[in-house]
Amino acid sequence: MDSSPPRAYGVFKPVGHMVVSFPTAAQADDGVAALQALELPAQDIQRYSDREMLAQIDEDLRQASPVAAVGQELNLVKAHQALAERGYHWLVVRVDNDEAARR
């Protein structure tokens, strides 16, 4: 996966990706191991620590287009922010279709 996150209107928007949050780094590591066991390509799995997600969110909020406030983009960013502030870690996984997401 490209290391730059998917964006719309200047904010994180994971279309074509599944975003999974984990309360601890160890649980996120376990998530990566489980995905690797499914033989997902490493480039399709992006891991973010709580600090990395907060840095991304800060950048998103600085660069957000006014259009982002019309849809759900900013609400999604704020929901991610609340979890990241509580120390959650993240996996963003590229999925091509619903079947791939169910795996």
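Two residues are in contact here when heavy atoms of theirs lie within 4.5 Å. With that in hand, welcome to this predicted model of a protein. Among its contacts between residues at least 6 apart in sequence, 77% join residues at least 24 apart.

**Reading the model**

Residues are numbered from 1 along each chain as its sequence is written. The model is predicted, so local features need pLDDT of at least 70 and side-chain atom pairs count only at pLDDT 80 or more, while totals for chains, interfaces and linings use all residues; side-chain values use heavy atoms, with hydrogens and water left out.

The score pLDDT is the predictor's confidence in each residue, from 0 to 100. The protein averages 83, and 79% of the residues score at least 70. Confidence is highest in helix 1 (residues 25-37), at a mean of 96, and lowest in strand 1 (residues 7-8), at 55. Where pLDDT is low, the predicted coordinates should not be read in detail.

**The overall layout**

The protein has 4 helices and 5 strands. These are DSSP runs numbered from the N terminus: helices are H or I with at least four residues, strands are E with at least two. Along the sequence they follow the pattern β-β-β-α-β-α-α-β-α. Of the 103 residues, 37% are buried, where buried means under 20% relative accessible area, exposed means over 50%, and partly exposed lies in between (1.4 Å probe, protein chains only).

The expected span of a helix is 1.5 Å times one less than its number of residues.

| Helix | Residues | End-to-end C-alpha distance | Expected span |
|---|---|---|---|
| Helix 1 | 13 residues | 18 Å | 18 Å |

In helix 1, the buried residues are Ala28, Gly31, Val32 and Leu35. They fall within an arc of 100° seen down the axis, so they line one face of the helix; the arc is that of the directions from the helix axis to the C-beta atoms. The cover over these buried residues includes strand 3 (17-22), strand 4 (45-48) and strand 5. On the face turned away from the buried side sit the exposed residues Asp30 and Ala37. Just after helix 1, glutamate 39 takes a positive phi of about 65°.

Helix 3 (residues 73-85) buries Glu73, Leu74, Val77, His80, Gln81 and Ala84. Those residues lie within an arc of 120° down the axis, so they too line one face. Glycine 87 follows helix 3, with a positive phi near 95°.

**Helix 2 and aspartate 50**

Helix 2 (residues 50-63) contains aspartate 50. Asp50, Met53, Gln56, Ile57 and Asp60 are buried in this helix. They cover an arc of only 125° around the axis, which puts them on the same side of helix 2. The face turned away from that buried side carries the exposed residues Arg51 and Arg62.

Aspartate 50 is buried yet has no salt bridge, meaning a side-chain nitrogen of Lys or Arg within 4 Å of a carboxyl oxygen of Asp or Glu. Its nearest side chain of opposite charge, arginine 51, is 5.0 Å away; Lys and Arg count as positive and Asp and Glu as negative, with His and the chain ends not counted. Leaving aside neighbours within four places in sequence, aspartate 50 is in contact with Ala84, Gly87, Tyr88 and His89.

**Valine 95**

Valine 95 lies in the loop between strand 5 (89-94) and helix 4 (98-102). This valine is buried, with a relative accessible area of 16%. The C-alpha atoms of valine 95 and valine 15 are separated by 9.2 Å, with the two residues 80 apart along the chain.
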